[in-house]
Amino acid sequence: RTPPRAEYTVYLAFQVDAGNGDLLRFTAKVFEKNKAMAGGMVTVVTNGGGQQEEADEDDDEAAEAGPMKWKKGLPVKKPGKDESVMTFRADFTKLGLAEPPELDDQAKALLRMR
């Protein structure tokens, strides 16, 4: 007997600098409906800039029944009894500040650089 297949709903949010178009933050929120592994929650947050995100105290209020609520480009809802949630966030704080690696003569020849 095969186990039931999991169903995924994926939401993506991109925070972009309006001035230059640089990507500042990428967030993914995945809801998994899986009767075999229900009720879990995983959060992965990378915080490259030392900025702390404020706690979402009003999420419980916003997650009550009714139309879908949105916060920072992502849905706010309580997972069902057969749902799990995974959130991933990456902040890009040092865009344009990286130094390119030094290339030796062989690498420059391969890239046809002088």
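**Notebook: looking through a predicted chain**

Buried means under 20% relative accessible area, exposed means over 50%, and partly exposed lies in between, with a 1.4 Å probe and protein chains only. Met113 is found in the segment after α2 (105-110). I looked up what Met113 touches, leaving out residues up to four places away in sequence, and found Leu103 and Lys108. Contact here means heavy atoms within 4.5 Å. The C-alpha atoms of Met113 and Leu103 are separated by 9.7 Å, and the two residues are 10 residues apart along the chain.

I noted what kind of model this is: it is predicted, local features need pLDDT of at least 70, side-chain atom pairs count only at pLDDT 80 or more, and totals for chains, interfaces and linings use all residues. Residues are numbered from 1 along each chain as its sequence is written, and side-chain values use heavy atoms, with hydrogens and water left out.

**Entry: the whole chain**

I looked up the secondary structure and found 2 helices and 6 strands in the protein chain. Helices (H or I, at least four residues) and strands (E, at least two) are DSSP runs, numbered from the N terminus. Along the sequence the pattern is β-β-β-α-β-β-β-α. The protein chain has 114 residues, and 17% of them count as buried. Among contacts in the protein chain with a separation of 6 or more, 64% come from residues 24 or more positions apart.

I then looked up the surface. The protein chain exposes about 9300 Å², with 53% of it supplied by carbon and sulfur atoms. Accessible areas come from the Shrake-Rupley method with a 1.4 Å probe, and for residues only the protein chains shown count as cover.

Which residues make the nonpolar surface patch of about 530 Å²? I found Tyr8, Val10, Leu12, Phe14 and Val16. Patches are made of residues with over 30% relative accessible area and no salt bridge; like charges are joined within 9 Å, and nonpolar side chains (Val, Leu, Ile, Met, Phe, Trp, Tyr) within 5 Å. Tyr8 lies in strand β1 (residues 7-16). Tyr8 has a relative accessible area of 54%, so this residue is exposed.

**Entry: aromatic rings**

I counted the aromatic pairs and found 4 in the structure. Rings of Phe, Tyr and Trp (its six-membered ring) pair if their centres lie within 6.5 Å; planes under 30 degrees apart count as stacked, over 60 as edge-to-face and the rest as tilted.

Tyr11 and Trp70 form an edge-to-face pair, 5.7 Å centre to centre and with 75° between the planes. Tyr11 lies in strand β1 and Trp70 in strand β4 (residues 69-71), so this pair ties together parts that are 59 residues apart in sequence. The rings of Phe26 and Phe88 have centres 6.5 Å apart and planes at 55°, so that pair is tilted. Because Phe26 lies in strand β2 (residues 23-33) and Phe88 in strand β6 (residues 83-91), the pair ties together parts that are 62 residues apart in sequence. Phe88 counts as partly exposed at 28% relative accessibility.

I also found that Tyr11, Phe31 and Trp70 form one aromatic cluster. The charged end of Lys77 sits over the ring of Phe31, 4.6 Å from its centre. A charge sits over a ring if NZ of Lys or CZ of Arg is within 6 Å of the ring centre and within 35 degrees of the ring normal.

**Entry: salt bridges**

How many salt bridges does the structure hold? I found 3. A salt bridge is a side-chain nitrogen of Lys or Arg within 4 Å of a carboxyl oxygen of Asp or Glu.

Asp91 forms one with Arg25, and their closest N and O atoms are 2.5 Å apart. Asp91 lies in strand β6 and Arg25 in strand β2, so the pair ties together parts that are 66 residues apart in sequence. Asp91 also forms a salt bridge with Arg89, at 3.6 Å between the closest N and O atoms. I looked up burial: Asp91 is buried at a relative accessible area of 12%, and Arg25 counts as buried at 18%.

Glu83 and Lys77 meet through their side chains in a salt bridge (3.5 Å, N to O).
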